[in-house]
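Hi,

Here is the structure I promised to pass on.

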Amino acid sequence: MPYDTLRYDIAESGVATIALDQPETRNALSDAVLSELIAALEAARDDEAVRCVVLTSTHDRVFSSGGNLGGFAADVPLVEKHFASERFPRAFRLLGELGKPSICAANGHVLAGALGLALACDLIIAREDARFGTPEINVGLFPFMIMALIYRNVPRKKANELLLLGDQISAYEAERIGLVNRVVVAEEFDEVVRGWAERLAGKSPVMMRLGKDSMFRQQDMAFADALDYLRAQLTVAFSTEDLEEGVKAFFEKREPEWRGR
């Protein structure tokens with residue numbers, strides 16, 4: 001389907017790229033942008049040809065400036081604002097339940113609500129000039145919903161610092177505190193993103209789905225419950241043809257031919 005606020009492309013490798021494409025608003029996450037992002041993620045989830053999703057931006061300096069402040073201050077009934085805000089957690093859950101690996105290619109600044117989108121992805125590769133932050137407190141707001149993702153990715157005291165001070169940090173500081181996986185110079189950024197995405201796309205799709213579902217579901221379980229659940233998932237994995245093929249290919253010293261079942 002055509003999109004007005006983003007670009008959606010699928011490469012022969014099975015990598016789907018979703019690029020936010022509202023440079024005039026610095027990719028502010030308006031209702032329209034979030035609705036189309038959700039639609040694109042659902043399309044990628046349901047398309048068997050898609051094996052990995054890359055979330056990025058067409059802007060040369062900004063991934064996204066975060067939520068649409070104009071929408072927050074709009075003179076509309078409170079209940080409409082409440083219903084509209086559901087798009088954020090829906091997008092976060094979609095990324096967690098995608099059944100396929102995802103990479104945020106942060107090719108520019110990642111601010112406010114956009115930091116939640118980035119952290120909802122499995123991996124984050126940042127261009128060295130990107131900056132990260134939750135500046136909401138500086139405009140009389142607080143990063144309520146993305147707090148759940150920040151505390152699951154960043155040590156508590158550093159998370160407090162981001163939330164309470166509203167300062168931006170560099171890509172290298174974000175890497176140091178565990179907010180991003182890797183920082184890459186601009187000249188190598190696209191190549192590194194493509195390399196990681198193609199490696200992910202080359203894995204067993206059925207095992208990726210089982211693994212991704214397990215990653216998302218076990219994170220909030222009690223330890224004993226998580227062990228029981230993960231043991232059951234391992235038993236399911238034993239039943240797949242891809243596991244049998246992967247082991248066979250290992251001993252035969254060849255590349256596996258995944259069947260996705």
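Predicted model: local features only at pLDDT ≥ 70, side-chain atom pairs only at ≥ 80, totals over all residues.

Residues are numbered from 1 along each chain as its sequence is written, and side-chain values use heavy atoms, with hydrogens and water left out.

The sheet and the hairpin

Helices (H or I, at least four residues) and strands (E, at least two) are DSSP runs, numbered from the N terminus. Two strands pair if DSSP finds at least two bridges between them. There is an open sheet of 4 strands in the order β4-β6-β8-β9, and its pairing is mixed. β4 (62–64) and β9 are at the edges with a single partner strand each, so one side of each has no neighbour in the sheet. On average, neighbouring strands here are turned by 20° against each other, direction ignored. Within the sheet, β6 (residues 109–111) and β8 (residues 131–133) run parallel and are joined by 2 bridges; Leu-111 has Gly-133 in β8 as its bridge partner.

Helix α5 (residues 113–120) lies across β4, β6 and β8, at about 105° to β6. For such angles, axes are lines fitted to C-alpha atoms (for helices over the stretch in contact), and the angles run from 0 to 180 degrees between N-to-C directions.

β1 (residues 6–10) and β2 (residues 15–20) run antiparallel, with 5 bridges between them. Asp-9 sits opposite Thr-17 in β2. This hairpin has 4 residues between the strands, and Gly-14 takes a positive phi near 95°.

Helix α7

Which residues of α7 (residues 156–165) are buried? They are Ala-159, Asn-160, Leu-162 and Leu-163, where buried means under 20% relative accessible area, exposed over 50% and partly exposed in between (1.4 Å probe, protein chains only). These four cover an arc of only 165° around the axis, so they are on the same side of α7; the arc is that of the directions from the helix axis to the C-beta atoms. Lys-157 and Leu-164, on the other side of α7, are exposed. The buried residues of α7 pack against α6 (147–150) and β9 (168–170), with contact meaning heavy atoms within 4.5 Å. Just after α7 comes Gly-166, with a positive phi of about 75°.

The α10 and α11 pair

α10 (residues 205–218) and α11 (residues 223–238) pack at an angle of about 175°, with axes 11 Å apart. That makes the two helices roughly antiparallel (under 35 degrees counts as roughly parallel, over 145 as roughly antiparallel, 65 to 115 as roughly perpendicular and the rest as oblique). Residues making the contact include Met-207 and Leu-210 of α10 and Tyr-229 and Ala-237 of α11.

Ala-237 is buried, with a relative accessible area of 7%. Leaving aside neighbours within four places in sequence, Ala-237 is in contact with Met-207, Leu-210 and Leu-243.

One more residue

Leu-34 is in helix α1 (residues 31–46) and counts as buried, at 1% relative accessibility. Not counting residues up to four places away in sequence, Leu-34 touches Leu-29, Arg-87 and Phe-88.

Cheers
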